[in-house]
Protein chains: 2
Amino acid sequence: MQLTRHTDYSLRILLYLGAIDAPVTIADIATCYGISRNHLVKVAHRLGQLGFISTMRGRTGGLALAHDPKAITLGHVVRVMEPGFDIVECFDNATNQCVISDVCRLRSALTEANLAFLKVLDGYTLADLLADPAQIRKSLGLSKVNS
Amino acid sequence: MQLTRHTDYSLRILLYLGAIDAPVTIADIATCYGISRNHLVKVAHRLGQLGFISTMRGRTGGLALAHDPKAITLGHVVRVMEPGFDIVECFDNATNQCVISDVCRLRSALTEANLAFLKVLDGYTLADLLADPAQIRKSLGLSKVNS
């Protein structure tokens, strides 16, 4: 069971932006994590559309969080970035071919499990994940601890 | 977020076997669901290895559940059939390349969410999913309702 890379990268961008104060470029983030800049551009674009991040133009511009890390829940990010919660085939009415889906209770059990998964994530904000931002900045190669 | 097709098909095999009394062949199950026999063979083999189903040899032989449907929990099936719960890259130490994974609390939040997901599934048995076996047999084309 996995979240998509799209969701994974969106969380990494938000964590990066939450750990620093100054605007940064996609290239900075891509280099730091060692992942594709092109992929991150798409993810950042979507995060901008959804209002998680803002873009400042100009020489000192770049990306920044649009909200306080305490105001961004992990559940919200995962809900909107994950393309689907079609745990098994019968969740998608358009493509489902399972002949027993109308009478089988698997879908309702998995839906309940999904909601429990997301409810836990609703209890965490970006600030909770960044409990030690100085250490995170160090891991990102942005500063030494306590700087 | 999805379970693998392997887990999906394992649940379908168990539901099929739970809905009927007589042993059946993989070909019966494959035809009924309209899915690949070759794929089902691998899934059934694994279900046999794990003790969920047994194979009876001979002219009237075939596959059957090895336990009462009330004794098989959905959580157990998903735990053992799903190849991994590596929700995001940092869950797999062997392949993880995220530079902040040692100091980021994402993994612990997602682990907690995973456990909540599985705990819900632990509350459902195969018998719960088969609450109306006559209707399921009808959907499988095995009999008319109330027969």
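Two residues are in contact if their C-beta atoms, placed from the backbone, lie within 7 Å. Keep that in mind, please. This is a predicted model: local features need pLDDT of at least 70, side-chain atom pairs count only at pLDDT 80 or more, and totals for chains, interfaces and linings use all residues. Residues are numbered from 1 along each chain as its sequence is written, while chains are lettered from A and ligands numbered from 1 in the order in which they are written.

Let's start with chain A. Seven helices and two strands make up its elements; these are DSSP runs, helices being H or I with at least four residues, strands being E with at least two, numbered from the N terminus. Read from the N terminus, the order is α-α-α-β-β-α-α-α-α. Along the principal axes, the C-alpha atoms of chain A fill a box of roughly 60 × 30 × 25 Å. How many of its 147 residues are buried? The share is 32%. Buried means that 20 or more other C-beta atoms lie within 10 Å of the residue's own, with C-beta atoms placed from the backbone. Now take contacts in chain A between residues at least 6 apart in sequence: 62% of them join residues at least 24 apart.

Next, the strands of chain B. β1 (residues 53-56) and β2 (residues 62-65) run antiparallel, joined by four bridges. Strands pair if DSSP finds at least two bridges between them. B:Ser54 has B:Ala64 in β2(B) as its bridge partner. The two strands form a hairpin, with five residues between them. In that turn, B:Gly58 has a positive phi of about 105°.

On to the interface. On chain B, 43 residues are in contact with 43 residues of chain A. Which helices of chain B each supply at least two residues to that side? They are α1 (5-19), α2 (26-33), α5 (106-122), α6 (126-129) and α7 (133-139). α5(B) gives the most, nine residues. By type, this side of chain B has 27 nonpolar, five polar and eleven charged residues. Here Ala, Val, Leu, Ile, Met, Phe, Trp, Tyr, Cys and Pro count as nonpolar, Asp, Glu, Lys and Arg as charged, and the others, Gly among them, as polar.

Last point: symmetry. Chain B superposes on chain A by a rotation of 180° with 0.0 Å of shift along the axis, RMSD 0.0 Å. In chain B, the C-alpha nearest the axis belongs to B:Phe117, 2.5 Å from it. Why do we say the copies meet through the same surface? Because 100% of the interface residues of chain B are also interface residues in chain A.

How values were computed: Copies are superposed by least squares on the C-alpha atoms of residues with pLDDT of at least 70 in both. A residue is buried if 20 or more other C-beta atoms lie within 10 Å of its own, exposed if 12 or fewer, and partly exposed in between; C-beta atoms are placed from the backbone.
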